[in-house]
Amino acid sequence: MDELMQTEPIVLAPFEAHHVGRALALSRAAGWAHRREDWEMIQSLSEGRVALAGDRIVGTALMTPFGDTCSAINMIIVEESQRGRGVGRKLTTAVLELAGDRECRLTATNDGLPLYEKLGFVATHQIVRHQGVASHVVAPANVKWVGPDALPAIKALDRAAFGADRDAVYNALAKEGSFVAIRKGDRIVAFAATRLFGKGEVVGPVVAENSEQARDLLAFILSGKEGRIVRVDIPEQTGLSSQLEDWGLPREGTVIAMVRGAAGQSQIPAVQTFCLVSQAIG
């Protein structure tokens with residue numbers, strides 16, 4: 001049977017909303033934590049392709065545009081029976097074509113690194129994934145929950161830190177989750193988002209002026225999550241891994257942030273944590 005499946009021609013088709021159920025099954029088989037709701041949010045923000053063997057979906061890839069200048073390439077999955085046939089490369093190439101002239105960002109495992117390097121991606125930094133059951137954390141006094149009126153300021157801070165327009169992502173996050181912020185006077189200078197994800201919650205994006213602010217934002221959110229499963233992905237250079245471990249979120253592993261088509265491909269971003277649904281999205 002596996003040999004027969006390996007000989008079926010692979011055809012790519014647009015990723016549409018009715019494909020989410022099969023995409024969810026593929027991600028579960030791959031050990032991913034995504035719920036149907038997580039897939040639905042990502043799909044609603046993205047364009048993508050599915051790989052078809054006959055009428056069966058055996059692979060997925062999405063391109064999430066951030067305005068006209070940037071995008072995230074994410075949700076690249078190939079069914080185990082179809083691996084080794086170049087399906088992942090076909091899917092990735094197809095969604096890169098959807099991105100057009102946009103800069104493309106993604107996160108790669110060590111296994112995926114060679115493919116993405118061949119496609120022109122350059123590694124920028126390591127991202128450390130922390131996940132576990134949150135312990136008791138004391139809430140810092142300088143962080144507060146904020147409502148929808150804070151969204152314009154949050155979007156502006158994210159554009160400055162991320163370097164692209166992710167307004168559509170934040171509109172979706174405002175419906176799905178909540179935001180906390182640090183103010184100086186009347187001005188928001190740092191923020192974090194949290195929402196349901198997988199079997200628990202995910203924290204991110206986080207945008208802050210320095211690692212101390214990022215720590216306070218994370219501490220405030222975790223202070224209300226004692227006993228719950230929480231995931232946080234952080235750039236390794238923030239130096240916050242040991243603190244997250246102390247708060248009950250052990251290090252699960254690392255992925256590699258990569259970029260293609262950027263003016264400064266070796267640039268490391270400002271202090272921030274991105275859970276791109278792969279990361280705010282992913």
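Are Asp-38 and Arg-195 buried or exposed? Select the two residues in this predicted model: both Asp-38 and Arg-195 are buried. They form a salt bridge, and the closest N and O atoms are 3.2 Å apart. The pair links distant parts of the chain, with Asp-38 in helix α3 (residues 36-45) and Arg-195 in strand β9 (residues 187-197), 157 residues apart.

Next, select Glu-103 and Arg-105. Here the closest N and O atoms of the salt bridge are 2.6 Å apart. Glu-103 counts as buried because its relative accessibility is 16%, and buried means under 20%.

Move on to Arg-159 and Asp-167, whose side chains meet in a salt bridge at 2.8 Å, N to O. Arg-159 has 33% relative accessibility and therefore counts as partly exposed. Asp-167, at 23%, also counts as partly exposed.

Then select Glu-8, Arg-22, Arg-56 and Glu-79 together. Salt bridges link these four residues in a network. The count for the model comes to 16 salt bridges.

Finally, turn to the largest pocket. Its volume is about 1300 Å³. To find its centre, select Ala-30, Trp-32, Ile-76, Ile-77 and Thr-109, which lie nearest to it among the 41 lining residues. Which strand gives the most to the lining? Select residues 70-78: this is strand β4, which contributes six residues. Coloured by residue class, the lining divides into 17 nonpolar, 13 polar and 11 charged residues.

Methods: Residues are numbered from 1 along each chain as its sequence is written. This is a predicted model: local features need pLDDT of at least 70, side-chain atom pairs count only at pLDDT 80 or more; totals for chains, interfaces and linings use all residues. Side-chain values use heavy atoms; hydrogens and water are left out. On a 1 Å grid over the protein atoms alone, a cavity is a set of points where a 1.4 Å probe fits but cannot get out, and a pocket is an open set with protein on both sides within 12 Å along at least five of seven lines; lining residues have an atom within 4 Å of a point. Grid points are joined across faces, edges and corners, and a volume is the space filled by probe spheres set on the points. Helices (H or I, at least four residues) and strands (E, at least two) are DSSP runs, numbered from the N terminus. Ala, Val, Leu, Ile, Met, Phe, Trp, Tyr, Cys and Pro count as nonpolar, Asp, Glu, Lys and Arg as charged, and the others, Gly among them, as polar. Buried means under 20% relative accessible area, exposed over 50%, partly exposed in between (1.4 Å probe, protein chains only).
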